[in-house]
Amino acid sequence: FIDRPVHLGKYSYRLKQIDNDGAVDYSDIVSIEFTLMPDNFILYQNYPNPFNPSTKIKFGLPVDSGVRIAVYNVLGEKVIDLAKGEYSAGYHEINMDASRFAGGVYIYSIISEGSDGSKFSAVKKMMLLK
């Protein structure tokens, strides 16, 4: 039996057996969860870009990781730490409210160390229009 289409989520299955004499028996329930896991670390471009006053920053982790996402102005001064802590493997999204920042170009960076010792860093730029 092929179950299609399969979407993200948790599915539970069991078999029903009907004997020739009409006796019915059920198997134990088997649960399967379908999730998308990134193969590699990734930092996506913020959306929308340009933005006013808020934007979303997405990133993906192939393993549980310590993550730090910081935003810098064009002079290289840190404006804000958006994320600092442990994140589970998978895709994550952070909302940035820049209503108190001046318009202009900003740089955001991610530094991550996976539970398996892997390391990742990336930098992207974004524009705040006021």
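Q: What is the relative accessibility of arginine 68?
A: This is a predicted model, where local features need pLDDT of at least 70 and side-chain atom pairs pLDDT 80 or more, while totals for chains, interfaces and linings use all residues. Residues are numbered from 1 along each chain as its sequence is written, and side-chain values use heavy atoms, without hydrogens and water. Arginine 68 counts as partly exposed, the class between buried (under 20% relative accessible area) and exposed (over 50%), with a 1.4 Å probe and protein chains only. Its relative accessibility is 26%.

Q: Which residue forms a salt bridge with arginine 68?
A: A salt bridge is a side-chain nitrogen of Lys or Arg within 4 Å of a carboxyl oxygen of Asp or Glu. For arginine 68, the N to O distance is 3.3 Å and the partner is aspartate 81.

Q: How many residues apart in sequence are the parts that aspartate 81 and arginine 68 tie together?
A: Aspartate 81 lies in strand S8 (residues 78–87) and arginine 68 in strand S7 (residues 65–73); strands are DSSP runs of E, at least two residues, numbered from the N terminus. The pair therefore ties together parts separated in sequence by 13 residues.

Q: Which lysine meets aspartate 81 in a salt bridge?
A: Aspartate 81 is partly exposed, with a relative accessible area of 31%. Its side chain also meets, at 3.3 Å from N to O, that of lysine 78.

Q: Which strand holds the lysine that pairs with glutamate 93?
A: Glutamate 93 and lysine 58 form a salt bridge at 3.5 Å, N to O. Glutamate 93 is in strand S9 (residues 90–97), whereas lysine 58 is in residues 54–61, strand S6.

Terms used. Helix = DSSP H or I, 4+ residues; strand = E, 2+ residues; numbered from the N terminus.
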